[in-house]
Amino acid sequence: MSPFQLTRTLPEDATSAALRADVRHGLTRSPKELPPKWFYDARGSELFEEITRLPEYYPTRAEREILAGRAGDIAAATGARTLVELGSGSSEKTRFLLDALPELHSYVPVDVSESALTGAGEALLADRPGLHVHALIADFTRVLALPDAPGPRLVAFLGGTVGNLLPGERADFLRSVRALLSPGDALLLGTDLVKDERVLVAAYDDAAGVTADFNKNVLAVVNRELEADFPLDGFDHVAVWNDREEWIEMRLRARERANVKIRGLDLVVPFEAGEEIRTEVSAKFRQEGVRSELAAAGMRLTGWWTDAEGRFALSLSAVA
């Protein structure tokens, strides 16, 4: 068997079709919204990498600190022979786990980006020629069929991305992950934690304006892919803490009244001055809330690690 395999589970035109559906649905409802996954074209990915290096943006550093210090504990608790990573991207942080798992046979990265999967797979195999990499071009929010690989399996969902799902979506997602697990398998989940509002807002509204550019990039994607005429300088970046829901909301606020033409959808979208598009929700968690959500999905919390400042957590759970 080749050490690198790539399986496409999404149709070639799936991304284009999903963008069209999301834009039509999101911009014709009230209040308006766009899903955060559309930030991440090549430019958006570059901007996000820049965000992770900003002094205000702590989650990436905090999670890396946990992985660097606790990967051995995670490996000992799971004994995983297959590591499955949902939304794997560059697989950069995953290397801590790969290095810590002495019996690892297979790595299964799951992402919608073929180029990210191929690049990460080739880089990993250059360092680990004995590893089997079976990459899946797939949407992790849909039902997944994992390739055959030896157990036990560790499914990792890092970066706090689970917080971008609304509560109902999150419950569906966790149930779908539970359906992938057999007795002896485990889920490693990254969650950003509730903390001081000023720290949270600063992480999503940095002084250098990089997050503002990242937020507006969703409009650039719609302009390019769907022949729209959003004026990027006609919208302001907004980040607010929703205390009741315990999540950060990123929004784009229209500076003045406008009618935006989206030729690719034969659609005109009216905006009033001050009207907003919600572009991201980023939920923050408490340990008991994570335990409760996992239990509702049929999983049992077995491990909990935070960085030294208690900003971010990695939790380990098993089949209940």
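Reader: Into which domains is the chain divided?
Author: The chain of this predicted model is divided into domain 1 (57–138 + 149–195 + 286–319) and domain 2 (197–283), with bounds that come from an automatic or database domain assignment. Residues are numbered from 1 along each chain as its sequence is written. Because the model is predicted, local features need pLDDT of at least 70 and side-chain atom pairs count only at pLDDT 80 or more, while totals for chains, interfaces and linings use all residues; side-chain values use heavy atoms, without hydrogens and water.

Reader: What separates the centres of the two domains, and how many residues are in contact?
Author: The centres, taken over C-alpha atoms, are separated by 29 Å. Twelve residues of domain 1 are in contact with twelve residues of domain 2, where contact means heavy atoms within 4.5 Å.

Reader: Turning to the sheet, in what order do the eight strands run?
Author: The order in this open sheet is E1-E5-E4-E3-E6-E7-E14-E13, and the pairing is mixed. Strands (E, at least two residues) and helices (H or I, at least four residues) are DSSP runs numbered from the N terminus, and two strands pair if DSSP finds at least two bridges between them.

Reader: Which strands are at the edges?
Author: Strand E1 (4–8) and strand E13 (299–306) are the edge strands, each pairing on one side only. On average, neighbouring strands of the sheet are turned by 20 degrees against each other, direction ignored.

Reader: Is E7 covered on one face or both?
Author: Both faces of E7 are covered. Ala 186, Leu 188, Gly 190 and Asp 192 on one side, and Leu 187, Leu 189 and Thr 191 on the other, are all buried, meaning under 20% relative accessible area; exposed means over 50%, and partly exposed lies in between (1.4 Å probe, protein chains only).

Reader: And which way do the strands beside E7 run, parallel or antiparallel?
Author: E6 and E7 run parallel and are joined by four bridges, with Phe 157 opposite Leu 189 in E7. The chain crosses from E6 through helix H6 (residues 167–180) to E7 in a right-handed β-α-β crossover. By contrast, E7 and E14 pair in the antiparallel sense over seven bridges, and Gly 190 stands opposite Leu 314 in E14.

Reader: Which strands does helix H3 lie across?
Author: Helix H3 (residues 59–78) lies across strand E6 (153–157), strand E7 (186–192), E13 and strand E14 (312–319), at about 30 degrees to E14. Helix H5 (residues 114–127) lies across E1, E4 and E5, at about 165 degrees to E1. Axes are lines fitted to C-alpha atoms, for helices over the stretch in contact, and angles run from 0 to 180 degrees between N-to-C directions.

Reader: What is the phi of Glu 246?
Author: Glu 246 has a positive phi of about 55 degrees, although it is not a glycine. Glu 246 is partly exposed, with a relative accessible area of 21%.

Definitions and conventions. Right-handed = clockwise from strand over helix to strand, strands pointing away.
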